[in-house]
Amino acid sequence: MCGIVGYLGKKDAYPVLINGLRRLEYRGYDSSGIALYNGDLEVHKSKGKVDDLENLIGEKKISAKMGIGHTRWATHGEPNNVNAHPHVSNNGDLVIVHNGIIENCNSLKQLLLDKNYSFKSETDTEILINFIEYVQAEEKVSLDQAIRLALNEVIGAFAIAVISKKEPSLMVVARLGSPLVLGIGNGEFFIGSDATPFIDLTKKVIYLEDGEMAVLSNNGVSIRTIESDEPIDAVIHKLQIDLNSIEKGGYNHFMLKEIFEQPTSILNTIRGRLFVSNAQIRMAGLDKISEKLEKANRILIIGCGTSWHAGLVGEYIIEDLARLPVEVEYASEFRYRNPIISSDDIVIAISQSGETADTLAAIKMAKEAGACVFGICNVVGSSIARESHAGAFTHAGPEIGVASTKAFTAQVTVLAMIALYLGRGNGNLSKDKFQEIAKEIELIPAKILSMLDLDDKIQTIAKSLYKSNNALFLGRGFNFPVALEGALKLKEISYIHAEGYPAAEMKHGPIALIDENMPVIVVAPRGDMFKKLVSNIQEVKARKGIVISITGYGESEVKSLSDGVIEIPETLDCLTPLLTTIPLQLLSYHVAVQRDCNVDQPRNLAKSVTVE
Ligand code: M6R
């Protein structure tokens, strides 16, 4: 997500800002920019990496003692030079960087348009800085008071830093819902979305709390509440962490961080979309193609890797809840095998990056054949998002580890909401059933949060696996795709050969592999298939296989048959993949760490596969 940096002091601000932006790269971004005060306001911004920004600035000598910078992960408006931050107000006096979303930006924009303000970008941030300018002019107040008054009118989340052409040594920052840290140096101040940008320059920090703002100047720092302008006593903390760990938010690897982010990422996926009381899914992308959905004969889901696995879960859920035929295909096969596509088909294309070459090519082919394409992507502004007729973003936040984790659970969550929408729309899902499922979806983040406590136990179980050369993952029903996903996670980051199978298929071949050296991970949550899975576990045990079970609390029979048991909370059958996946991600992670593998950047793999 977006990152903010800032500097006010005696040093040359430019290198401080550029280094700070580099440290924020791990957050994921698509453009960056800086604004410096050197008697005037100098703004540079560029789509792409911080390298691109530096190349743009080139050898130009920039001398300034105050400045702000930003890495942008697009939300409002595609990633380009114009939408990149910082944004300047209409009179050219004020400049802002912002992390968050201003939800009431449209009404603020209309107010400003009525006052003859104009806008260059598609961002909510440009609206905010102009609103601040407007408030200052109307109320005839100081900059910090104008910011405070303006922020009291804002609905949404923000961390902002503002500087002004008219105030050579004043920076105003504020936060609500998005993080902001102040670094206190010797006669100088740093700001950052976290302490990464200045961790080598000062260890003294103030964590600004939600609803607080700070005025930084040569006279020091003053902190107040945004709502009532009440002074707050600043508490200075000493940073204990080193640069390496803070870049990964305190986690050893991005993958672990992303696994732990899932309670939040799923909340973000469902926010504003899932309404239990009136049994409604509000997704603008679905509404946009509602006529096509009404006429649809079937749904084709395409994707690659983990996204394809999410598609398989989607097939089970959509067919179950909406009684609409679904086929799931690898995009790479689909695009080359002359498939039968009709104009009454809906093609759902799933991709975290939105840039996977095979998925993109398959979309183009489906469109040429007249099908309606709905994209499920994580990256805003990506090619697949743009190429689709309609779509939904997963809102999982940037996924940096090559092994997909939080993107998968967010994709499954979107697919579950699509199933609810379709089922309700075509009358195959009663209001009661909808509400039962929707209520359970709302409980999933808390259940995952409680499961993260299993981390230590799973680390211990991993010790019994990490020397293995092979592993088998078994699941049934909704959890067959989870078995495939568990096997993919293990093989891609630990280089252990692993296969996922529908548990009942074991008898048709794989059972020949089972001996005392074969770990078999069985996904056996409570639900319709539970008894069948217990029989499958018995079959493995009878052949001396090493059984690791993912099952419900207190399942004594499974426990007695297993060498390792991971007990998980209960949920509805169709939602179990959202829970059963978590221990498999952690298991793969710990096995890979114990094998000393490069977890975040496994050999031969890229995060976004842009060639076929
Ligand atoms: O960005 P996409 O979702 O389109 O990527 C698809 C696959 O390349 C991706 O899921 C890959 O399999 C991951 N490394 C799996 O963890």
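This is a predicted model: local features need pLDDT of at least 70, side-chain atom pairs count only at pLDDT 80 or more; totals for chains, interfaces and linings use all residues.

User: Thanks! Where is Val135 found?
Analyst: Val135 belongs to helix H4, residues 124–139. Helices (H or I, at least four residues) and strands (E, at least two) are DSSP runs, numbered from the N terminus.

User: And how many residues separate Val135 and Met518 in sequence, and how many Å in space?
Analyst: They are 383 residues apart in sequence, and their C-alpha atoms are 69 Å apart in space.

User: New topic: what surrounds the ligand?
Analyst: There are 15 residues around the ligand, and the closest are Ser307, Ser351, Ser353, Thr356 and Glu492.

User: Which polar side-chain atom lies 2.6 Å from an oxygen atom of the ligand?
Analyst: One belongs to Ser307, at 2.6 Å from a ligand oxygen. The side chain of Ser353 also has an N or O atom 2.6 Å from an oxygen of the ligand, and for Lys489 the distance is 3.0 Å. A polar contact is a pair of N or O atoms within 3.5 Å; within protein, one must be able to donate a hydrogen and the other to accept it, and residues adjacent in sequence count only if both atoms are side-chain atoms.

User: How much of the ligand does the protein bury?
Analyst: The protein buries 90% of the 410 Å² that the ligand exposes when taken alone. Those accessible areas come from the Shrake-Rupley method with a 1.4 Å probe; for residues, only the protein chains shown count as cover.

User: Now the aromatics. How many aromatic pairs are there?
Analyst: The whole structure has 7 aromatic pairs. Trp308 and Tyr330 are a stacked pair, because their ring centres are 3.8 Å apart and their planes are at 20°. Rings of Phe, Tyr and Trp (its six-membered ring) pair if their centres lie within 6.5 Å; planes under 30 degrees apart count as stacked, over 60 as edge-to-face and the rest as tilted.

User: Where do those two sit in the chain?
Analyst: Trp308 is in helix H11 (residues 305–322) and Tyr330 is in strand E19 (residues 326–330), 22 residues apart, so the pair links distant parts of the chain. Trp308 is buried at 12% relative accessibility, while Tyr330 is partly exposed at 37%.

User: Nice. Which residues form one aromatic cluster?
Analyst: That would be Tyr7, Phe190 and Phe198.

User: Last one: how many disulfides?
Analyst: The count is 0 disulfides, where a disulfide is a pair of cysteine sulfur atoms within 2.5 Å. For Cys372, the nearest cysteine sulfur is that of Cys377, 14 Å away. Cys372 is buried at 4% relative accessibility, and Cys574 is buried at 7%.

Key: Residues are numbered from 1 along each chain as its sequence is written. Side-chain values use heavy atoms; hydrogens and water are left out. Buried means under 20% relative accessible area, exposed over 50%, partly exposed in between (1.4 Å probe, protein chains only). A residue is near a molecule or strand if one of its heavy atoms lies within 4 Å of it.
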